Amino acid sequence: MAAIFSSSLFVSSPLPKPLSSSYSRIHKAPQLFRARSSLLQDKEEKVIVQDSFPSKTSPLHSADKSTSGNSINTSAFEKRIIKVEQSVNIFLTDSVIKILDTLYHDRHYARFFVLETIARVPYFAFMSVLHMYESFGWWRRADYLKVHFAESWNEMHHLLIMEELGGNAWWFDRFLAQHIAIFYYIMTVLMYAVSPRMAYHFSECVESHAFETYDKFIKVQGDELKKMPAPEVAVNYYTGDDLYLFDEFQTSRVPNSRRPKIENLYDVFVNIRDDEAEHCKTMKACQTHGNLRSPHSYAEDDDSSVCALEADCEGIVDCIKKSVTSNAAKVRKQSASIALHVNRPG
């Protein structure tokens with residue numbers, strides 16, 4: 001292990017260099033980032049994401065508010081389970097944040113590279129489990145796959161931006177990010193299979209930390225960032241002709257309602273921060289089972305974009321249970337039908 005952390009391993013690979021020498025000055029500005037994730041309890045504090053990015057009144061949220069009140073009707077036992085799940089998520093998130101604070105307190109772009117490598121992982125995991133559900137014929141929802149893929153696409157471009165800024169120059173940063181991502185993927189697949197609600201809340205905690213990290217960075221380094229040019233990959237992503245996937249992951253917005261302007265590096269980080277806020281809102285909505293729909297599905301007003309629910313279940317345990325009980329009910333119904341036909345006077 002000593003060899004891993006030796007200075008000889010921190011060798012820069014032939015990767016794109018920062019856009020200007022002034023980028024290096026930002027790396028030297030010490031700033032500790034800390035995120036606070038909150039439990040969903042009666043007297044919880046307002047999260048900064050919600051204050052900064054209130055949901056707009058749109059067809060996307062014009063449905064009956066009874067959906068948001070479902071948690072009120074949950075049993076006391078289920079509420080205790082939710083609190084346990086969230087407590088575990090907060091503990092895990094805070095533990096990772098402490099590690100990142102120690103390793104990257106003065107290396108911002110490297111920290112962002114690690115964050116964005118990790119941030120894509122849960123969406124890969126969600127899609128893997130959803131494909132498994134489809135294979136078994138348990139639960140088929142096209143919108144979930146569409147939105148989660150769009151979220152991974154957005155996070156991938158965040159990662160490309162950080163690579164263009166030189167955030168992946170050190171071997172150790174790439175090694176750490178990739179191995180955390182592997183562990184995170186396995187953990188999220190298992191968590192999502194057992195409790196999608198818990199997996200979505202954990203992802204909300206991670207995205208909330210990312211939002212606060214970028215928000216603090218912008219406030220501290222804003223003046224310097226305004227003097228720097230925007231990376232080409234950011235300009236192409238945020239101002240390109242095809243922004244379908246950009247609209248797709250923002251489930252609280254009507255499509256075409258957000259069109260960023262990128263004039264400098266400051267604008268890039270502002271939009272990355274805003275993206276993280278949108279991810280938070282989407283992950284929060286996903287914690288209510290069956291509550292997610294593609295914004296384009298609403299825009300088209302076409303229910304055909306949503307595949308029919310063959311067995312509306314939550315988690316692999318619930319899916320197996322309902323699959324067995326459903327088959328048993330079908331057998332009983334068929335037996336009763338046969339018995340009625342046999343006993344019919346003829």
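Predicted model: local features only at pLDDT ≥ 70, side-chain atom pairs only at ≥ 80, totals over all residues.
Helix α8, which spans residues 196-225, bends by about 55° at K219. Of the 30 residues of α8, 25 are buried, so the helix is largely enclosed by the rest of the structure.

What is the nearest side chain of opposite charge to E248? It is K146, at 4.3 Å. A salt bridge requires a side-chain nitrogen of Lys or Arg within 4 Å of a carboxyl oxygen of Asp or Glu. E248 is thus buried yet has no salt bridge. The side chain of E248 does have a polar partner: a polar contact of 2.6 Å joins it to the side chain of S294. Apart from neighbours within four places in sequence, the residues in contact with E248 are K146, V147 and A150, together with S294, P295 and H296. K146 therefore belongs to the contacts of E248, since contact means heavy atoms within 4.5 Å.

The cysteines complete this account. A disulfide is a covalent bond between the sulfur atoms of two cysteines. A search of the whole structure finds 0 disulfides. C280, for example, is in no disulfide, and the nearest cysteine sulfur, that of C205, is 8.9 Å away. The cut-off for a disulfide is a pair of cysteine sulfur atoms within 2.5 Å. C280 counts as buried, with a relative accessibility of 6%. C286 also counts as buried, at 3% relative accessibility.

How values were computed: Residues numbered from 1 in each chain as written. Heavy atoms only, no water. Buried < 20%, exposed > 50% of the residue type's maximum accessible area, 1.4 Å probe, protein only. Lys, Arg positive; Asp, Glu negative; His and termini not counted. Polar contact = N/O pair within 3.5 Å; in protein donor to acceptor, adjacent residues only side chain to side chain. Bend = angle between axes of the 7 residues up to and from the residue. Helix = DSSP H or I, 4+ residues; strand = E, 2+ residues; numbered from the N terminus.
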